[in-house]
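Here are some notes on the model you sent.

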Amino acid sequence: MNNLALIATVLIVMALAYQLGLTRSKAVAGSGERLHSRPGYYGVLVALWCGLPALLLFILWSVFEPGIIDLLVFQQLPPEVAAFSEREQQLVMRRIAALAAGQNVADPQDFERLAASQQARLEMLGHLSMLATMSIVAVVGLVVARRHVTPRLRARNHVEKAITALLATCSGVAILTTVGIILSMIGEAMNFFRFVSPVEFFFGTTWNPRFSSSGAGGQGEYGLLPLLWGTLMVSIIALLVAIPLGLMTAIYMAEYAPAWLRSVAKPVIEVLAGIPTIVYGFFALIVIGPFLSGFGELVGLNIRTTSALTAGLVMGIMIIPFVSSLSDDIITQVPKALRDGALGLGATKSETIRQVVLPAALPGIVGAFLLAASRAIGETMIVVLAAGNNPVLHANPFEAVSTITVTIVNQLTGDMDFASPQSLVAFALGLTLFVITLGLNVIALVVVRRYRQQYE
Amino acid sequence: MPELPPSLLSLDRPGSALSNSTGPIIDFAPDASCLDVEGLSLAYGGKPALRDLTLRVPRQRVTAFIGPSGCGKSTLLRALNRLHDLDETVSRQGSIRLEGQEIHAPEVAVDELRRRVGMVFQAPNPFPMSIYENVAFGLRLQGGMSRRRMNDIVEWALEAAALWGEVKDRLRASAWSLSIGQQQRLVIARTLAVRPEVLLLDEPASALDPISTLKIEELIRSLKSQLTLVLVTHNMQQAARVSDYTAFLHDGELVEYAPTASLFTNPRLARTENYITGRMA
Ligand SMILES: Nc1ncnc2c1ncn2[C@@H]1O[C@H](COP(=O)(O)OP(=O)(O)OP(=O)(O)O)[C@@H](O)[C@H]1O
Ligand SMILES: [Mg+2]
């Protein structure tokens, strides 16, 4: 029985258990005493008692069984296998697993065949015992729960608790994942700092992580500053594009545009945010870069095709909707009473917007800017393609730069060895990036929330 | 109080089956009218809110508009300083004259009109700036005023709105730090600062506690010597306390308009009486 069928079976059994609980509760109600909850709750409770432990068992079993079987099979292998390198051992185990699953493997050895048949046997055994255990657990759960159905059982409250637990588990998964990612990043970053001191990393001005494969000795230099500066330069250019354009768009949309135009233009602008960033990237590389460089020639400026300017410009276009959409919402939220007040004092429409509406919306708009900024700082594809990957500290926006995200991509593509600083540095970089964007997001949220509270 | 025209005095007593009467009962001829509304009809996207309204607002008096919720009081008030202009769903017929001058005439500048006809809204709406800047807002729009003169006017306006004593030490504080009652007086000061000829007050005390309400009412009475006031209120006692004339509106129409004392003690129409005695929502 495969897993899908198994789960389906459990669900069917749960449905039956529900019916049993339902009839049982009606039966006990027949004896005269009033039920604490409506019969449906007793049904659900019995179903939960029947199905949940079995499902839990199934999950635990699925998690631990493969490991245990692998261990048992491995112990049976001839002694020479233990002498293999770790990679070869893994290969052998994969071949055995494939054989056990009945797939074809190039010239299998005898010991592999033997181990495979043993693995198949163990798997079968494991599966059957799991089915047996699950059935027992389900039946026991069903019987016990059914016996507990009495008029005074607070089934409704128990079900309520089960629902709470389910919801809490789901949010727990999300939170634990986040925490897990952060912890593993911190752990690996610590590993990196064993090779390179934090001072060298955070304050170094040279980025030159010589790859071990390139032969040159030493472990290279890991100064963050050129990358941080590149990130900032590109992001600032992007914001210089996105903030004025986005804000003016927002003002027009919120205050001036007729309803029909608004209903058409808003979604169209928001599409900008939905374009895959890789598309922006090659748009920058193929269209904007050459255009800028040609334009530079025309006016006597030396603009490289891939440069901070190219990447920043295109990234700015990408984040326009972040600025415009949020600011638009915030401007629209400014109470009509404020506008009426200003108009009533003889202000024109634009005076009202500039002197009353925008100041009132300012905190929220700043929040929108910060969110856009954190988006720009974390953006990867556009800069990978269009910024030129030149991790050197300089202040010329017409030159190529490299950013934190680009460098992470570089360090993690190709041959990776997670014992070397060349790869581990990616975690330190990732952590830095994470802290920066998290900080911006938190500030933005606080600012926006404070703004919302003003009108409550 | 103006003399009642004798012809109107012969009308029936209140409650005596006059409720079927259609046209408005207008129970006085104001001595000097400041605002003349004539045949004013106004609709929001085709839905009429005011129907063929004709009334005169006397100069340097307090005129109260009363009527059930949704009868068009705020709509009428907003029409008086053309706040509907920016709403393209609003259609209007009829004329409004301020001191004899048609306010919709092409040569009338709407910002100038709104300076002359100030408005205070139901909920206080101070701008997100300091107390001082709130009061100076309208002055700055006009521009060309010396610092000293502006200070004087701000002080005068706050004084006139009975707020100066409470805020004179914190003029730079945010206007949003004031209590609601103070905010409403600040908004009145802000409107007074541009020296309007008419002050429109749309339920100015509806969000206020009794003490603040009293302050506002005193303020309204004291301002009467300098300007024309129009007050919308749901509070009959308030209308009776502060207004000289009262107009009862219902469903976008003027029902009865008379000196306050006579409207409240001696309404001509059963509809009016029912409303002021609370028998009609
Ligand atoms: N902006 C608007 N758009 C559409 N209809 C409106 C608008 N403003 C008011 N109305 C409608 O016009 C009518 C009159 O509204 P108005 O606000 O003038 O009533 P009101 O007498 O001031 O009521 P209240 O005492 O509750 O303030 C109501 O039916 C209302 O629904
Ligand atoms: Mg109103």
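1. Two strands count as paired if DSSP finds at least two bridges between them. With that rule in hand, take a pair of residues that face each other: Tyr44(B) stands opposite Val90(B), a residue of E5(B). Keep in mind throughout that this is a predicted model.

2. The strands behind that pair are E2, residues 33-44, and E5, residues 90-98, both of chain B. They run antiparallel and are joined by eight bridges. Another facing pair is Ser41(B) and Gln93(B), the latter in E5(B).

3. Which strands make up the sheet of four in chain B, and in what order? The order is E3-E2-E5-E6, the sheet is open and its pairing is antiparallel. Strand E3 (47-58) and strand E6 (101-102) of chain B are at the edges, and each has a single partner strand, so one side of each has no neighbour in the sheet.

4. At the E6 end, E5(B) and E6(B) pair in the antiparallel sense over two bridges. Leu98(B) has Gln101(B) in E6(B) as its bridge partner. E5(B) and E6(B) form a hairpin, with two residues between the strands. In that turn Glu99(B) has a positive phi of about 50 degrees.

5. Helix H2 of chain B, residues 73-80, lies across E2, E3 and E5 of chain B. The angle at which H2 runs to E2(B) is about 120 degrees.

6. The other sheet of chain B is open too and has seven strands, in the order E1-E11-E10-E4-E9-E8-E7. Here the pairing is mixed. Strand E1 (25-26) and strand E7 (117-120) of chain B stand at the edges; each has a single partner strand, so one side of each is left without a neighbour in the sheet.

7. Leu249(B) stands opposite Leu254(B) of E11(B).

8. How much area do chain A and chain B bury between them? The value is about 1700 Å², with 71% of it on carbon and sulfur atoms. In terms of residues, 19 of chain A are in contact with 19 of chain B.

9. The count of salt bridges between chain A and chain B is one. The side chains of Arg78(B) and Asp340(A) form a salt bridge, at 2.9 Å from N to O. Two residue pairs are found in polar contact across the interface of chain A and chain B.

10. Helix H12 (336-344) and helix H13 (349-378) of chain A each supply at least two residues of the side of chain A that touches chain B. H12(A) gives the most to that side, with eight residues. By class, the side of chain A that touches chain B has 10 nonpolar, five polar and four charged residues.

Conventions
Residues numbered from 1 in each chain as written. Chains lettered and ligands numbered in written order. Predicted model: local features only at pLDDT ≥ 70, side-chain atom pairs only at ≥ 80, totals over all residues. Heavy atoms only, no water. Contact = heavy atoms within 4.5 Å. Buried area = accessible area lost by both parts, 1.4 Å probe. Salt bridge = Lys/Arg side-chain N within 4 Å of Asp/Glu carboxyl O. Polar contact = N/O pair within 3.5 Å; in protein donor to acceptor, adjacent residues only side chain to side chain. Nonpolar A, V, L, I, M, F, W, Y, C, P; charged D, E, K, R; others polar. Axes fitted to C-alpha atoms, helices over the stretch in contact; angles between N-to-C directions.
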